[in-house]
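Q: I would like to learn how to read aromatic contacts in a model. Please show me the structure first.

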Amino acid sequence: MKLSSMSGEVRAFTKEDIPQVANLHRRVFGTADHASRELTDSYQSYFTEIFLDEAWRDDDTRSLVYEEAGGKITGFFGAVARQMSFNGQVVRAKIGSQAIVDADSRGMAGLKLYSAFLDGPQDLFIGDEANSSVRPLWEGFGGTTSLLYSMYWLYPIRPCQFARFLLTKKKLLPAFLSRLSAPATWMLDGLAAPILKKLSGSSEGRLVGEDLTCEKLLRCIAECAGTRSLRPVYDQLSLARILHRAECLRRNGRLQKVLLKTEAQETAGWYLYYLNREGLSEVVQLYANPGFAHAVLDHLFQHAESQGATVLRGRLEPSLLHALSDRRCLFHFGPFWALIYSRRAELLHALDRGDALFSRLEGEWCLHFQ
């Protein structure tokens with residue numbers, strides 16, 4: 001793919017582009033003040049594995065760069081293939097990630113990169129971690145913002161600790177005061193725990209948790225996703241690759257994977273989240289079979305509490321909206337927006353009505369740099 005203009009061209013990303021794209025990524029996202037040898041090696045491995053390895057691509061999926069007339073790369077748009085199906089029919093889906101444009105070239109480079117991607121042969125294109133500044137450009141090209149899959153929930157397990165975390169992060173509380181106040185916030189949270197549990201309506205667990213292996217998750221998705229019109233299609237290799245990538249992303253904590261069953265060994269649901277005792281514990285996939293929504297949430301909350309988590313955050317799974325509300329979770333839109341593009345109205349309608357199994361695990365999460 002190559003789109004030329006007087007000032008530059010859009011073309012496929014190659015291995016030779018990695019040094020320039022890595023430097024662009026470092027400057028735009030502020031990952032470091034300078035390119036150390038360790039950072040350079042990390043970038044080399046990352047861009048090679050995620051955006052050049054055939055395991056993440058198909059014949060129609062290529063990441064793109066915008067190259068100026070003099071050879072300088074001022075834009076990059078990464079993409080990987082995702083196998084999905086709609087009512088049993090194959091859907092060619094792409095997940096976009098790491099859209100970066102040099103600050104001095106955002107007009108032409110951004111327009112041409114987006115135009116080139118959306119002109120592709122895919123049935124569905126999703127970028128589910130876009131910032132608000134991208135939305136007007138995306139919608140100008142005919143894309144839409146899925147508000148349902150842009151909604152997030154919060155469940156403060158230790159609200160005093162969470163308040164300390166927020167104040168420290170926003171630099172409203174000096175670091176030394178944050179450290180001094182830590183014992184007091186832990187004590188207050190301990191005193192408040194019984195009251196909060198009563199207010200949330202959570203009950204003692206009636207489900208049994210066990211380790212969620214790749215084989216078990218593959219079987220669960222195949223069995224449970226059949227109720228959704230639009231859903232991911234995995235085999236052992238593709239799911240193992242995504243889970244391995246998820247486990248390597250340690251900046252948010254250690255990945256917890258739990259399968260839930262009843263005493264009669266009936267599958268009730270499952271969850272995957274990152275345990276972070278000092279900040280947000282991010283939930284990347286959460287599913288409950290009919291009739292088990294409240295029980296699955298209660299098990300997740302109790303598991304996170306027992307591990308020392310401060311607050312859980314996840315993207316809304318539409319079927320759990322009422323249960324999350326019943327448990328007094330807090331809801332908000334953004335800061336990540338799910339941007340959708342498709343020429344097939346039935347795919348857009350499935351996402352609009354929440355008739356899709358599309359978690360953060362299927363989206364951009366596993367495409368993060370670190």
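Q: Which charged end sits over the ring of Trp 337?
A: A charge sits over a ring if NZ of Lys or CZ of Arg is within 6 Å of the ring centre and within 35 degrees of the ring normal. Here the charged end belongs to Arg 135, 4.3 Å from the centre of the Trp 337 ring. Arg 241 is likewise placed over Trp 56, at 5.4 Å. This is a predicted model, in which local features need pLDDT of at least 70, side-chain atom pairs count only at pLDDT 80 or more, and totals for chains, interfaces and linings use all residues. Residues are numbered from 1 along each chain as its sequence is written, and side-chain values use heavy atoms, without hydrogens and water.

Q: How many aromatic pairs does the structure hold?
A: Rings of Phe, Tyr and Trp (its six-membered ring) pair if their centres lie within 6.5 Å; planes under 30 degrees apart count as stacked, over 60 as edge-to-face and the rest as tilted. The structure holds 24 such pairs.

Q: Are Phe 51 and Phe 76 buried or exposed?
A: Buried means under 20% relative accessible area, exposed over 50%, partly exposed in between (1.4 Å probe, protein chains only). Both Phe 51 and Phe 76 are buried.

Q: Why is the pair of Tyr 114 and Phe 141 called stacked?
A: Their planes lie at 15°, with the centres 6.5 Å apart, so the pair is stacked. Tyr 114 is buried at 8% relative accessibility, whereas Phe 141, at 27%, is partly exposed.
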